[in-house]
Each structure stands twice: as structure tokens, then as C-alpha cells.
Amino acid sequence: MAEVKTKQQVKLSLPAQADYVDVVRLTLYGIASRIGFSYEEIEDMKVAVSEACNNAVLYAYSQEGGVVDVIFDIGDHELELTIRDQGSSFMANDKFGHATGWHDKSLDDVQAGGLGFYLMQALMDDVSISSQDGRGTEVKMMKRVLAIGEAK
Amino acid sequence: MSHKFTAVTLNEADGIRVKLQGELDLAAAGEFRTMMEPLAVDPSTRLTLDLSELSYIDSTGIGILISILKVRHAEQAPFYVENVPPHVQKLFDVTGISKFLIPQR
């Protein structure tokens with residue numbers, strides 16, 4: 001992953017429940033607009049971070065009480081997000097490698113599984129995932145402000 | 001700004017229209033899926049989803065749309081998705097679900 005010069009950090013620690021994922025989106029909106037991301041870029045990141053949180057909510061913990069940590073590393077013109085759980089691994093590495101869209105598939109062949117990973121990769125500049133058996137999953141994703149990062 | 005998801009069913013002369021509002025995310029998915037199931041399996045009526053006020057969708061919601069598409073396709077029943085906001089359309093294009101959706105009547 002490209003080195004991100006971190007200036008400041010915001011950490012959220014949330015119950016691993018679906019009802020809390022919108023708190024992550026609200027926080028992301030506040031932080032990303034401060035960095036200077038466009039509306040469209042923020043919408044992209046909202047989906048990507050939610051997908052990672054959804055996975056933690058759905059698959060990490062077999063009982064209630066689990067926690068999802070979301071860390072925002074705020075750069076001058078980029079944002080790095082870390083989404084971490086301490087649940088049992090759900091073989092994220094395997095799904096990650098095989099995530100595809102539906103462009104070349106017929107309706108009968110389409111499966112909803114893996115779509116979240118595909119979206120993370122499609123919407124962010126960089127995504128990596130590490131999952132260790134019994135020690136949780138960590139997803140890192142990064143996006144740069146397009147207006148600054150790339151000359152047009 | 002309202003985030004809470006609601007789905008309002010309207011019985012219209014030419015079929016059933018379901019108007020989605022707010023954020024269709026993991027928290028909203030279960031209820032929406034349960035609500036849509038009986039509508040999706042009824043081939044006798046035309047089914048339209050109006051997305052004009054849908055502010056957010058992710059893979060959870062797109063997964064429900066693909067389930068509805070599959071059921072409607074199997075039943076050879078008409079299904080339409082209308083008024084897709086630009087940021088939702090982008091996700092439909094990125095995932096590839098666009099090609100299965102009939103945009104307007």
C-alpha cells in the first residue's frame with residue numbers, strides 16, 4: 001500500500017450491529033468533506049466502508065457483544081480507513097480474490113455473495129485485507145482526492 | 001436529512017409501485033426483503049420500484065434487487081426500476097446489475 005503521511009487520526013469503536021453502520025457513514029462524511037473530497041468520491045467511500053463493516057457485522061461474531069473498530073487516518077489529500085474486528089475469520093482472503101462484477105454473467109449465474117468485496121475494490125484506490133483464523137479480520141482501504149492526486 | 005429507510009406500496013391502475021426512500025442498507029434489508037417477497041412472486045401484476053428518493057444502497061440492497069429480478073424473470077412477470085439517482089446508477093453500472101434492469105416504461 002502506498003505510504004500515507006498521517007496527520008491526524010479518528011477512531012470509532014462500535015457494536016458489531018447493522019444499526020451502527022450509518023454512524024460510520026456520517027463520520028466519514030464529516031471527515032472526507034473536510035479533506036476536500038467531492039460528493040461523488042464521498043459517496044464511493046461511504047459504500048466501500050459500509051461493505052467492510054457489513055462483513056464484520058454479518059460474519060465476524062457468532063454471538064452478541066462483538067465490536068468493530070474503524071480508524072480514519074487523515075492525510076492532506078487522502079484518507080485511509082481501517083476496519084477491524086476480533087471475530088472468527090470468515091475466510092475473507094478467499095472471497096477477496098474471487099470478487100467480480102456481473103458484467104459478463106447471465107441472470108441465472110449471478111450470485112450476490114462477494115459483491116461487497118468487489119465494490120470495495122472498484123470504489124477505492126487501494127484495498128487490502130488480512131484475516132487470521134480466530135484473530136479477526138482487518139480491511140485497509142485508501143482513497144486520494146482526485147482533483148489533486150491526478151493531473152487532468 | 002432523513003436516513004431512515006421506508007418503502008411505500010402504491011396500488012395504481014397499471015400495477016404496484018413501491019417507492020423507496022432513505023438508505024437501503026444492512027439494517028433496512030431484512031424488513032424490505034420480507035415486504036417484497038409476496039409482491040415479487042405475484043406474476044399477475046406489474047411491479048415497479050421508484051428509486052427517486054433512495055439516498056443510499058450497497059451490496060445488501062443490490063442483492064435484494066437481484067433476487068427480485070430472478071423471481072420476476074422466472075415468473076415472466078414485468079418488473080421495472082425507475083428514477084434511479086446518479087450515485088445509485090453508478091453502483092448499478094459498477095456491479096453490472098444495470099443490464100438486467102429495464103429503466104423506464
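1. **Ground rules.** Residues count from 1 along each chain as its sequence is written, and chains are lettered from A and ligands numbered from 1 in the order in which they are written. Because the model is predicted, local features need pLDDT of at least 70 and side-chain atom pairs count only at pLDDT 80 or more, while totals for chains, interfaces and linings use all residues.

2. **Chain A overall.** Chain A has five helices and five strands. Helices (H or I, at least four residues) and strands (E, at least two) are DSSP runs, numbered from the N terminus. Read from the N terminus, the order is β-α-α-β-β-α-α-β-β-α. Chain A has 152 residues, and 40% of them count as buried. A residue is buried if 20 or more other C-beta atoms lie within 10 Å of its own, exposed if 12 or fewer, and partly exposed in between; C-beta atoms are placed from the backbone. Now take the contacts in chain A with a separation of 6 or more: 69% of them join residues 24 or more positions apart. Two residues are in contact if their C-beta atoms, placed from the backbone, lie within 7 Å.

3. **Helices H1 and H2 of chain A.** Two packed helices are described by the angle between their axes and the distance between the axes. H1(A) covers residues 21-35, and its axis lies 9 Å from that of H2(A), at an angle of about 150 degrees. Axes are lines fitted to C-alpha atoms, for helices over the stretch in contact, and angles run from 0 to 180 degrees between N-to-C directions. The pair is therefore roughly antiparallel. Angles under 35 degrees count as roughly parallel, over 145 as roughly antiparallel, 65 to 115 as roughly perpendicular and the rest as oblique. The residues that meet include A:Leu28 and A:Tyr29 from H1(A), and A:Val49 and A:Cys53 from H2(A). By class, this contact has ten nonpolar, three polar and two charged residues. Here Ala, Val, Leu, Ile, Met, Phe, Trp, Tyr, Cys and Pro count as nonpolar, Asp, Glu, Lys and Arg as charged, and the others, Gly among them, as polar.

4. **A residue to check: A:Tyr39.** Find A:Tyr39 in H2(A), which spans residues 39-60. Is A:Tyr39 buried or exposed? A:Tyr39 is exposed, because it has 12 other C-beta atoms within 10 Å. A:Tyr29 is ten residues away in sequence, and the two C-alpha atoms are 9.1 Å apart.

5. **Strand E5 of chain A.** Nine of the nine residues of E5(A), residues 136-144, are buried, so the strand is largely enclosed by the rest of the structure. In a regular strand the side chains alternate between the two faces of the sheet. In E5(A), A:Gly136, A:Glu138, A:Lys140, A:Met142 and A:Arg144 point one way, while A:Thr137, A:Val139, A:Met141 and A:Lys143 point the other.

6. **Partners of E5(A).** Strand E3 of chain A (78-85) runs antiparallel to E5(A), with seven bridges between them. Two strands pair if DSSP finds at least two bridges between them. A:Glu80 has A:Met142 as its bridge partner. Seven bridges also join E5(A) to E4(A), residues 126-132, again antiparallel. There, A:Ser131 stands opposite A:Thr137. The hairpin of E4(A) and E5(A) has three residues between the strands, and A:Gly134 takes a positive phi near 75 degrees.

7. **The sheet of chain B.** Four strands of chain B form an open, mixed sheet in the order E1-E2-E3-E4. E1 (6-12) and E4 (79-82) each have a single partner strand, so one side of each lacks a neighbour in the sheet. The twist averages 20 degrees from one strand to the next. E2(B), residues 15-24, and E3(B), residues 47-57, run parallel and share eight bridges. One of the paired residues is B:Glu23, whose partner is B:Tyr56. H1(B) lies across E1, E2 and E3 of chain B, at about 170 degrees to E2(B).

8. **Where the chains meet.** Each chain gives 22 residues to the contact. On the side of chain B, H2(B) supplies the largest share, eight residues. H4(A), residues 115-123, and H2(B) have axes that come within 9 Å and cross at roughly 125 degrees. That makes H4(A) oblique to H2(B). A:Leu115, A:Gly116 and A:Leu119 meet B:Ser59, B:Ile62 and B:Gly63.
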